[in-house]
Structures are given as structure tokens and as C-alpha cells.
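Me: I'm new to this one and would like to get my bearings. Could you show it to me and then take a few questions?

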Amino acid sequence: MSDKRWAAVLGLLLLSFLYLLFEFMSSTYRNQALIRQWSEAEAGASGKPHVMLISQELDNPYWRMIEQGARDAANRLGMALEYVGPLRINPEEQTMLLEKAIAAKVDAILLQGIHSIAYTRLIDQAVAQGIPVLTVDADAPDSKRLTYVGTDNYESGRRLGEIVAEAGRAFSDRSTTKIGVLIGSNLAENQTLRLDGFRSVISRHRSLQIVDVRVSNISRVEAAQKASEMLYLHPDIAIIAGMSALDGAGILQAAKSAGRDDLLIFGFDDIEETKQAIARGEIAASVIQKPYRMGYDSVSIIHDVLEGKSAPPHHLMDTDILTKDGIRLE
Ligand code: BGC
């Protein structure tokens, strides 16, 4: 290569290096500024213990109920609660928010567990640095978190299986009743446990068969898309059950656009749309968790921990079943 070419190549390399250096430094600066803002605004000013709640999705109605419970407990107990989360489900961003909470040296962290080595390591790092961590809604059982606060998820999946099996009796004229399932995410332990619990019941019934399992990414729109695909691929599917809060509404939308008003739909949780669809008889039933209590109890447990009391490894909650006839309690 001629000298001129070498000079041009070297020049280009130098420019790329300077650009990368600039990007790195400005992103570090942005992060540090953000961390400073958090620490000053939340804890510094009030002098109250600073508790960070990291959700799976900021504006999800189910997570807003957890936040409400956490806020009420924090106000009662004199703690400063900060609620954060990705705008749309995004495990990498959840991990980044956890990293930032540790860097901001908050007094305690409440978070949704995810199946991820990096996330588990960060939880352990927080605990090693003396920041107590509780998992809420979904556990991270391989981490050193203090307590899991939430539903007994295997059991709740089993309960969904029982009501689906009961409903399956309506199809006794068929040799096989086909079932489709939506889960919210593969990375959330609550979803995989619910599916295991559900399968454990369905597998005991020879006439019932799970023909399709898909992930909705806890989105109503994706739930509708995935349910539509199922209805297209398995036109004789009789039942679709969803295991996260917006799945029921998404499945209903798909059933309506496919003209399948005979489809039996089962869901999870009691967001407004699900309650209304149950009242109209369009969704057969829903397994109801207690998100407000999850938030409230987790802040109360953190309060005890910060006062030097010990915490149990699990703080489990049962579920109820909502049908058109009302709530069936545990
Ligand atoms: C799950 C949460 C999830 C929510 C999504 C709930 O059933 O427990 O993990 O974030 O649904 O809508």
C-alpha cells in the first residue's frame, strides 16, 4: 500500500477511536447525572429510607397496582418509594435499572425476578454491598434475594388447569379437546411455573390436549396476534388460556375477528377489560392475584429488615377465581 493510503487508513482508525471514546464518555456522564438526580431527589431531600421498585413494564395496569400498594405502605411507614421500569417489557433495561439502583446506593430494592445470569449476579452484588433485595411477582430463586413476595405460581397454574378441565367437560362429544396456551414471557419464573402447574392437571385428562404454546410478551396486541395464529393453524381449537394480565383481552380480540364466539377463553388477573368481558360472558374465568398486597407487604417486609428484623424466604399469596357468577374464593 502506498504511503498516502496508509495515512488515510490510520486517519480513519484514529477518527473511529475518537468517536467511540466520545460516545463512551458522554454515556458515562449521562448515567452519572441520572444517578445523582435519583439519589438527591429521592433520599437526600427527605432523609427517609430510599426504596427502589423495579417493574417489568412501567405502565402495565397490573404493575401500577403493585406500585399503589407499595406507595401506600411507604407513606404509612415513612419511606421514600421510587417506582421505575422499562416502557415496554425489556429484560436488558431491567438489568440496567438494577445496576443504576446499586450505583445510586439506595437503601433497599424491590424487583421482579428474571431468569438471567447477569441479573442474578447483580442481585447478589447488591446484597453483598448491604442493600437488601426482595423479589416481587416473580422470583429469582438462584440469587441471594432475601424474600420472594407474590403468588404461589405453580399452584395458580394448577388452579387454572382445574377450571379449564372442568370446562372441558362441555366437549364430551369430542374424542380430543384442543387447548392453546399463551404465557407472558419465557424469562419470568412465574410464567414457567404457571405453565408447569397447568400442564400437571391437563396431562391427567386423556381427552384434553395442549396443541400450542406461545409467548405474548405481556402485550395485548401480541396476545391477539399469537391467538389469531393459533386459531388459523388449529381451527378446531376449543379453549385458549392466557397466563399474564393482558392475555385474556388479546385472545378475546382474536376470537372476535375470527368469528369464534364459541371459543372458551381463560385469563389471569382482574384488569378492567377482563372484568367487563367476564361480566358479558365473553371470557369464561380468570385467576386473580393480589398485586396491591404484593406491593404493600413487600414494603412492610423491607421496613422490618431495615429495622434489623429477619425476613422469611417466601411470603406467598393465594389466588381467587373470577367467573360471571362472582368471585370464587380459595
Ligand atoms: C404477571 C406479571 C406480568 C403481568 C403482565 C401478571 O399476571 O404476574 O408478571 O407482568 O401479568 O400483564
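**Pockets, a cavity and a ligand**

Reply: Let's start with the largest pocket: its lining residues split into 3 nonpolar, 5 polar and 4 charged. Keep in mind that this is a predicted model.

Me: Which helix gives the largest share of the lining of the largest pocket?

Reply: The lining includes Glu162, Ala165, Glu166 and Gly168, along with others such as Arg169, Phe171 and His205. Helix H5 covers residues 153-168, and the largest share of this lining, 4 residues, comes from H5.

Me: How much space lies in that largest pocket?

Reply: Ser172, Arg174, Thr177, Ser207 and Leu208 are also among the residues that line this pocket. As for the space inside the largest pocket, the value is about 160 Å³.

Me: And how many cavities of 30 Å³ or more does the structure hold?

Reply: The largest cavity has a volume of about 130 Å³. With the cut-off set at 30 Å³ or more, the count for the structure is 1.

Me: Which residues lie nearest the centre of the largest cavity?

Reply: A total of 16 residues line the largest cavity. By class, that lining has 6 nonpolar, 7 polar and 3 charged residues. The ones nearest the cavity's centre are Gln56, Tyr62, Ile218, Ser244 and Ala245.

Me: Where does the ligand sit?

Reply: Look for the residues closest to the ligand, which are Gln56, Trp63, Asp137, Arg194 and Asp269. Gln56 also turns up among the residues nearest the centre of the largest cavity. The ligand's place is the largest cavity.

Me: Which element gives the most residues to the shell around the ligand?

Reply: Two elements give two or more residues to that shell: helix H2 (61-77) and helix H6 (189-202). Both helices also supply at least two residues each to the lining of the largest cavity. For the shell, the top contributor, with 3 residues, is H6.

Conventions
Residues numbered from 1 in each chain as written. Predicted model: local features only at pLDDT ≥ 70, side-chain atom pairs only at ≥ 80, totals over all residues. Heavy atoms only, no water. Near = heavy atom within 4 Å. 1 Å grid on protein atoms, 1.4 Å probe; cavity = no way out; pocket = protein on both sides within 12 Å on 5 of 7 lines; lining within 4 Å. Sits in = over half its atoms within 2 Å of the grid points. Points joined across faces, edges and corners; volume = space filled by probe spheres on them. Nonpolar A, V, L, I, M, F, W, Y, C, P; charged D, E, K, R; others polar.
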